[in-house]
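Hello,

Please find the structure for your files below. My notes on it follow.

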Amino acid sequence: MTPARRTSAAACLLLLAACAPEAASEEGGKVAGLYQIFFYVAVVIFVSVAGLIGWSIIAFRDRGDSDEPTQFHTKLGLEILWFAIPTVIVIVLFILSTGVLGEVNEETPEGAGVVVEVQGFQWGWRFTWPDGTSLDSLPDDPATIYLPTRTPITFELKSQDVIHSFYVPRFLIKRDVVPGRNNRIDLTIEDEGTYGGKCAEFCGLLHDQMDFTIQAVPQDEFEDWLSGLGSEDE
Ligand SMILES: [Cu+2]
């Protein structure tokens with residue numbers, strides 16, 4: 001590969017990497033950071049392997065003479081090297097992943113932040129706050145729920161019937177909602193904005209219509225919205 005081609009291939013890969021959505025949650029940012037490390041490691045591996053294959057194809061091509069290149073058996077140093085490099089890569093990536101997994105799964109202490117119970121059902125979501133106020137998101141009437149930015153939020157995930165999956169793509173975190181099991185997602189939304197949510201586990205006929213919207217707003221605006229919702233309920 002000429003240097004120009006190599007540069008343009010690298011540029012294409014970088015552009016593709018930029019296609020991943022930007023994380024709107026603190027925890028998603030950590031996942032995105034980890035993803036980027038994996039991506040760059042993969043680029044280095046791909047370029048090295050493809051480069052070496054390309055080089056050997058050209059360097060050892062049939063030149064029309066019958067002379068074979070020098071044949072040898074066992075090259076201990078090289079064999080140890082190509083065993084050691086992937087082993088080190090896997091160990092480093094494993095340690096980094098475990099670290100990020102621990103941070104992302106860290107539970108907000110009880111009483112801190114906002115807790116929302118999210119119940120998935122065929123085919124919608126019921127969002128319930130600790131004071132009992134609830135809001136349903138249904139296929140013909142998808143709900144918008146408000147949540148505060150820069151405050152820890154706990155989604156307590158429950159299912160009434162089959163397995164669903166609570167997914168807000170911009171948060172870069174997805175978790176299954178399993179009947180008989182209480183799952184949770186703890187996260188902090190960093191940026192104000194409107195974020196679409198979906199069910200990400202095929203759960204029947206109207207699975208694709210289990211949409212909802214999260215409106216991330218400052219704390220006081222969230223409280224106004226929640227008290228308005230509570231009085232609507234009465
Ligand atoms: Cu579902």
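This is a predicted model: local features need pLDDT of at least 70, side-chain atom pairs count only at pLDDT 80 or more; totals for chains, interfaces and linings use all residues.

β2 covers residues 124-128 and pairs with β3 in the antiparallel sense, over 4 bridges. Both belong to an open sheet of 5 strands with mixed pairing, ordered β3-β2-β1-β5-β8. Its edge strands, each pairing on one side only, are β3 (134-137) and β8 (183-188). On average, neighbouring strands in this sheet are turned by 20° against each other, direction ignored.

Aromatic rings. The count of aromatic pairs comes to 10. One of them is W55 with F60: the ring centres are 5.6 Å apart and the planes stand at 80°, so the pair is edge-to-face. W55 and F60 are both exposed. W125 and F166 also form an edge-to-face pair, because their planes stand at 85°, with the centres 5.7 Å apart. W125 lies in β2 and F166 in β6 (residues 164-168), so this pair ties together parts that are 41 residues apart in sequence. Both W125 and F166 are buried. Ring pairs link W125, F127, F155, F166 and F212 into a cluster.

Charges over rings. K75 lies over the face of F72, 5.0 Å from the ring centre. K174 lies over the face of Y167, at 5.2 Å from the ring centre.

Cysteines. The structure holds 0 disulfides. C199 has 6% relative accessibility and so counts as buried, the cut-off being under 20%. C203 also counts as buried, because its relative accessibility is 6%.

Regards

How values were computed. Residues are numbered from 1 along each chain as its sequence is written. Side-chain values use heavy atoms; hydrogens and water are left out. A disulfide is a pair of cysteine sulfur atoms within 2.5 Å. Buried means under 20% relative accessible area, exposed over 50%, partly exposed in between (1.4 Å probe, protein chains only). Two strands pair if DSSP finds at least two bridges between them. Helices (H or I, at least four residues) and strands (E, at least two) are DSSP runs, numbered from the N terminus. Axes are lines fitted to C-alpha atoms, for helices over the stretch in contact, and angles run from 0 to 180 degrees between N-to-C directions. Rings of Phe, Tyr and Trp (its six-membered ring) pair if their centres lie within 6.5 Å; planes under 30 degrees apart count as stacked, over 60 as edge-to-face and the rest as tilted. A charge sits over a ring if NZ of Lys or CZ of Arg is within 6 Å of the ring centre and within 35 degrees of the ring normal.
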